[in-house]
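Take the model below and walk through it in stages. We start at a pocket, move to the helices around it, and end with backbone geometry.

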Amino acid sequence: MSATLGALIKQLQPDWTIEIFETLSEVALESSNPWNNAGTGHAALCELNYGKELPDGSFEIDSAVKVNEQFQVSRQFWSYMVSEGMLPEPDGFVNPVPHMSFVWGEANVDFLRRRFEAFKNHPLFAGMEFSDDPAVIRSWTPLLLPGRSKNQPIAATRVAGGTDVDFGALTKDLFSYLTDNGARLHLERKVTGLRREGDLWRIQSKHMVGGTPAVTKARFVFVGAGGGALSLLQKSGIKEAKGFGGFPISGQFFRTDNPAVVARHRAKVYGKAAVGAPPMSVPHLDTRVVDGQASLMFGPYAGFSPKFLKTGSWLDLPLSLRPGNIIPMLAVAKDNFGLVKYLVGELLATKAKKIAALREFMPDANPEDWRRITAGQRVQVIKKDAKKGGVLQFGTEVVAAEDGSIAGLLGASPGASTAVPIMIEVLKRCFPQEFDGWKPELEKMVPTLGRKLSDDPALAEATMASTAEVLSLA
């Protein structure tokens, strides 16, 4: 998020000074690290939590369309950056990987067939295929069939034009572009305080090596610190941050680099979430391409840790409590007992139980091929609600001061896939006087800015084809 915003500002206002603060020894070691997320270019092509079934058996597709529209904006920006030589060859951060949904059991097969019918004629989902034929599904990805009962009903949808994104590589490339063009990156510098002084923000920081304090002053601050954003926004004292809380969820994956296994699966395959599981815990068997090397990941296995970052403190959660957010957090705890029970169950699950979950996707999975890795921390947004007192939100939330001098991002999925439209919205909210003057330049970066591809099938087809060509996805 921070890298994206910086890259936008550098082109819109090249005379502005940009200072970047990173606590760790490198950028992109937390949520953007490729092994801390699924790397799915989230476009609702395979994620069944977008486009839910309604009580009457129909499907709402607005949530799926929205996230797809957002991802197309990101693709346009990346394409522009590649075309202008501001980003290196695209295969270093994005690769074509089909997106699939996969289910088993008669009821789920019927569910997926009806869902496919609701999506297939939409311009953003053109090319989606459905099959309940084991031979066809085997041809799409051979790993799903061996060892499975021939009497078990199965079905899958597939979009060949899906993507795998190494957001760590992309983040590093964007920051390299920024530093090559005058921005200053301060590594191992932890921001410890934010305070308003007149028209400026006083940013207190300390060097992680030696603890030397430092002060920087800025007219605008963006807090893109992942799980660490809540604490910094609270320290800023802006009224807009009051009432927000965070609920941390950790995760683990199984990973294999065995070439014989990896070669039999080239797809991101998403299933249905377990009852009571959070949307971010939808099981999926993913192809990951990192540093040119393909691997497979299965998960996530959700868990709980009071840390807001993998490198955070065990006191992150208790120290985030404020008079303004205690009631919303207690309300969420009361209303989400099932989620807490689910997380505890995941924490207590044995390796055998976790392998059993993998074998629901890949029946002949050999435990010796798979090792467990710890993924990133996700801090889900808790916010005030007039009726319930507080609600747990599984999306992202931009928090900005009324005067636009500071903004930050809370929340998780779909996160990085939608970074570009979210950061354009930050620019619009925080720089209202400049935004209209920036539009011509923004339209060079995102040619469909302000328009919905959903409303123009021809534009949708042309835009997706153009970005696919530039990003070598065709």
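Which residues lie nearest the centre of the second largest pocket? They are Q70, V73, P421, G450 and R451, out of 23 lining residues. This is a predicted model, in which local features need pLDDT of at least 70, side-chain atom pairs count only at pLDDT 80 or more, and totals for chains, interfaces and linings use all residues. Residues are numbered from 1 along each chain as its sequence is written, and side-chain values use heavy atoms, with hydrogens and water left out.

The second largest pocket holds about 650 Å³ of space. Rolling a probe the size of a water molecule over the atoms shows where empty space is left. Here the search runs on a 1 Å grid over the protein atoms alone. A pocket is an open set of points with protein on both sides within 12 Å along at least five of seven lines, whereas a cavity is a set where a 1.4 Å probe fits but cannot get out. Lining residues have an atom within 4 Å of a point. Points are joined across faces, edges and corners, and the volume is the space filled by probe spheres set on them.

Four elements each supply at least two residues of this lining: α2 (62–83), β19 (396–400), α12 (419–430) and α13 (432–445). Helices (H or I, at least four residues) and strands (E, at least two) are DSSP runs, numbered from the N terminus. By class, the lining has nine nonpolar, four polar and ten charged residues. Ala, Val, Leu, Ile, Met, Phe, Trp, Tyr, Cys and Pro count as nonpolar; Asp, Glu, Lys and Arg as charged; the others, Gly among them, as polar.

Now look at G450 in the loop between α13 and α14 (457–470). G450 is exposed because its relative accessibility is 83%; the bands are buried under 20%, exposed over 50% and partly exposed in between (1.4 Å probe, protein chains only). P447 has a relative accessible area of 46%, so it counts as partly exposed. From P447 to L343, 104 residues away along the chain, the C-alpha separation is 43 Å.

Turn to the helix packing. The axes of α2 and α14 come within 9 Å and cross at roughly 45°. So α2 is oblique to α14, and their crossing is left-handed. Helix α1 (residues 2–12) packs on α13 at about 125°, with axes 10 Å apart. That angle makes α1 oblique to α13 as well, but α1 passes α13 in a right-handed crossing. Axes are lines fitted to C-alpha atoms, for helices over the stretch in contact, and angles run from 0 to 180 degrees between N-to-C directions. Under 35 degrees is roughly parallel, over 145 roughly antiparallel, 65 to 115 roughly perpendicular, and the rest oblique. A crossing is left-handed if the near helix is turned anticlockwise from the far one by less than a right angle, and right-handed if clockwise.

Within α1 sits G6. G6 is buried, with a relative accessible area of 8%. G6 and R195 are 189 residues apart in sequence and 22 Å apart, C-alpha to C-alpha. S58 lies in the loop between β1 (19–22) and α2. S58 is partly exposed at 30%. F111 is 53 residues from S58 in sequence and 9.9 Å away in space, C-alpha to C-alpha.

Last, the backbone. Most residues other than glycine have a negative phi, and most peptide bonds are trans. E188 has a positive phi of about 55° although it is not a glycine. E188 is in the loop between β7 (184–187) and β8 (189–197), and is partly exposed at 32% relative accessible area. D291 also has a positive phi of about 55° without being a glycine. D291 lies in the loop between β14 (284–290) and β15, where it is exposed at 76%. The peptide bond from G299 to P300 is cis, with omega near 0°. P300 belongs to strand β15 (residues 293–303).
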